[in-house]
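Student: I'd like to learn how to read a structure like this one. Could you walk me through it?

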Amino acid sequence: MKKVFGKIFASILAVLVLFSTLSFTVDQHFCGSFLVDSAVFTKAKTCGMEMSSATSAEASITKEPCCTNKKLEVKGQDELKQNFNNLDFQQQIFITGFIYSYLQVFEVSEPDFIPFKDYSPPKLVCDIQLQDQVFLI
């Protein structure tokens, strides 16, 4: 049973490390204020109403396009080993206080004094329960 819990705990920690280092991008295409398409890891499909960016010499009026693309990037953790060399003064005080209070929890106490430790129990001459006829049912 202990091995099974160990394997389950190791699997959970492996999945946690995997998801903490995973990076992904969500690409969204909006036409006006409506979401047309959303895609993870790929580019979102467009609605086909994009305006051409080329302007002619005759037309000096340009319209703003109604479609917009948004990208949401979720960055994962790049470094798995944290560096504790550059701690500021407040962090050092916190760690010192935490270690000091943690060590005080495990303070060694003196063993209790037992005055009758060297004496043996009295010899049992007869069974008192049989003599008094007291039985537990």
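Student: In what order do the three strands of the open sheet lie?

Tutor: Strands are DSSP runs of E, at least two residues long, numbered from the N terminus, and two strands pair if DSSP finds at least two bridges between them. Here the order is β2-β1-β3, with antiparallel pairing. β2 (34-40) and β3 (67-74) are the edge strands: each has a single partner strand, so one side of each lacks a neighbour in the sheet. On average, neighbouring strands are turned by 20° against each other, direction ignored, using axes that are lines fitted to C-alpha atoms.

Tutor: Before we go on, this is a predicted model: local features need pLDDT of at least 70, side-chain atom pairs count only at pLDDT 80 or more, and totals for chains, interfaces and linings use all residues. Residues are numbered from 1 along each chain as its sequence is written, and side-chain values use heavy atoms, leaving out hydrogens and water.

Student: How many bridges join β1 to β3?

Tutor: Eight bridges link β1 (residues 24-31) to β3, and the two run antiparallel. One of the residues to look at is V26, whose bridge partner in β3 is L72.

Student: Which side chains meet in a salt bridge?

Tutor: Side chains of opposite charge can pair when their charged atoms come close. The term salt bridge means a side-chain nitrogen of Lys or Arg within 4 Å of a carboxyl oxygen of Asp or Glu. This structure holds one, between E73 and K75 at 3.9 Å, N to O.

Student: Are those residues buried or exposed?

Tutor: Buried means under 20% relative accessible area, exposed over 50%, and partly exposed in between (1.4 Å probe, protein chains only). E73 is partly exposed because its relative accessibility is 49%, while K75, at 67%, is exposed.

Conventions. Helices (H or I, at least four residues) and strands (E, at least two) are DSSP runs, numbered from the N terminus. Axes are lines fitted to C-alpha atoms, for helices over the stretch in contact, and angles run from 0 to 180 degrees between N-to-C directions.
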